[in-house]
Every structure is written in structure tokens, then in C-alpha cells.
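Hi,

Here is the structure I promised to pass on. Have a look at it first, and then read my notes below.

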Amino acid sequence: MMNNHPPPAVRADGLHVVRGGRQVLTDLAFTVPRGSVTGLLGPSGCGKTTLMRAIAGTQARVTGTLEVLGRPAGSAALRPRLGYVTQSPSVYADLTARQNLDYFAAVLGLPGAERGRQVEAALADVDLTGRADSLTGQMSGGQRSRVSLAVALLGTPELLVLDEPTVGLDPVLRRDLWQLFHRLAEERGTTLLISSHVMDEADRCERLLLMRAGELLAEDTPEALRRTTAEGTVESAFLHLVDRARAADEPWPAHTGQKGRTTP
């Protein structure tokens, strides 16, 4: 019997990454459902950016299984189907916002009439229509980040991989961007994988991947994580899981025959 269900947006199994002789990601296994807003949360340095680079196909020394939209990560066929926004804005400072978008739209091979429509739509999505003809180099850091996000929206990608897109933004803009993320998922069926080290953004996500020290602590909805850990917030649930992982890793003290426990 044929399976008519498309594969998940991302599927990892036994995923490892070694960089500089150091194990950065260890035995990750998870899925990211299509059309979902999934948060990748954890402290700085836990491996979130490395994982996103692996999904985008720009990370070397990746072993194990990592499939994106049903294809091996990094496949050439994925390039027009995936948008990737790095932590640092990756746009040209000596071009205006509109010129940046027009350039990247041409790189994607969008035809002339469609190119103009998508450029204007992307500028509107990130609320930059009023600054479209300003030099990107003269914009604030938050505005440059929005130009990078607008570039990623070109071509209507099926998967958006966004590395800490709301860091440093004011609360109103953060709220507006999260509303945009959910609108993209609901109206266009776009899958979004969004990293953050700010735990109060967890409840804005439909699903969560919680990471610590290159390992996956949990994969579930915010509500389920709070329920299974009997904690009131996702941050408390995360700390609960960290404590449990630390306790599981500690050796058996010879004098008690019981596992030790450390404080956070």
C-alpha cells in the first residue's frame, strides 16, 4: 500500500557532529513536523547553531541520518526550498533593503514580474516597506536582521531555519515577528525551526526541542513538558530535565551505594 503522507520537514537519527576534534552534537534523534513552528531552545554554546548549519547543509563532518524535506541535508535540490537566516545579518551594507532583495531574488532565478511582487511582499511581511530604499548599512541591527529574514522569505520556501531571529529586538517587534511566523505556518504551510536561548519564547512555539551540551533533553509541546515535569513554566521544566540528566550521569558513590546529586 502506498504511503501518501509526505516525510517530516526534518528527520534526524543518530546525528553526530565533530568540530575541531570536539564532539559538538551527540546522537540526536528527532523530527520536525511539516507546517509547524518548532522552537530549538537551550543555553548559548549548547550546539543550536551547529544543528541549524547541519540542517541547512553548511556544516562539515556530520554523521548519522539527517533528512530535510525527504532528501539528505545539503542536497542541491533543497536550495530553493529552504530559507536560512544566520545570527549575523548576511546582507550587503552598501545596498538598500530593496536592492538586497532584488539581488537575491535574481540569484534564485525568479522571473522579472514575479521578482518584483515577491520583493514587495517580503518587505511588507517584515514591516520594512517604509525603509525599503534606505542603505542597509545605515539601519539598526534589528532592521538589518529583518532584511535578512525578508531575503529568506523570497521564493516561498517550504522550510525556514532561523537562528535567534528575535535576539536584541524590542518587545513589540518580537511580538510582530512571532505573529508573522505563525501566519506563515497557518496560511502558507511553511515549516519554521527557530532557535533561541530566551526561555520565555518557548510558549510561542507549537513544539520544542530542548538542548544542553550537544544533547537533546526533550522533544514535545510546551504544555506536555510542563505536565510531565510537574513544573509551571518551560524554564522550570528545562532546569528539572537538566538536574535529572546530571543526576543520571553521576557515578555511584562507593560509601552510600546511591547516586549523588549536584546543584544547578
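Which residues make the nonpolar surface patch of about 300 Å²? They are Y92, Y103 and V107. Before you go further, keep in mind that this is a predicted model.

You'll see Y92 in the loop that runs between β6 (82-85) and α2 (97-107). With a relative accessible area of 39%, Y92 counts as partly exposed. Patch residues need over 30% relative accessible area, so Y92, at 39%, clears that cut-off.

Next, the sheet. There is an open sheet of 4 strands, in the order β2-β1-β4-β5, and the pairing is antiparallel. At the edges sit β2 (22-32) and β5 (71-72), each of which pairs on one side only. In general, strands of a sheet pair through backbone hydrogen bonds.

Last, the cysteines. How many disulfides does a search of the whole structure find? The answer is 0. For C46, the nearest cysteine sulfur belongs to C205 and is 14 Å away; a disulfide needs the two sulfurs within 2.5 Å, so C46 is in none. C205 is likewise in no disulfide, its nearest cysteine sulfur being that of C46. C46 is buried, with a relative accessible area of 2%, and C205 is buried too, at 7%.

Cheers

Notes:
Residues are numbered from 1 along each chain as its sequence is written. This is a predicted model: local features need pLDDT of at least 70, side-chain atom pairs count only at pLDDT 80 or more; totals for chains, interfaces and linings use all residues. Side-chain values use heavy atoms; hydrogens and water are left out. Buried means under 20% relative accessible area, exposed over 50%, partly exposed in between (1.4 Å probe, protein chains only). Patches are made of residues with over 30% relative accessible area and no salt bridge: like charges are joined within 9 Å, nonpolar side chains (Val, Leu, Ile, Met, Phe, Trp, Tyr) within 5 Å. Accessible areas come from the Shrake-Rupley method with a 1.4 Å probe; for residues, only the protein chains shown count as cover. A salt bridge is a side-chain nitrogen of Lys or Arg within 4 Å of a carboxyl oxygen of Asp or Glu. Helices (H or I, at least four residues) and strands (E, at least two) are DSSP runs, numbered from the N terminus. Two strands pair if DSSP finds at least two bridges between them.
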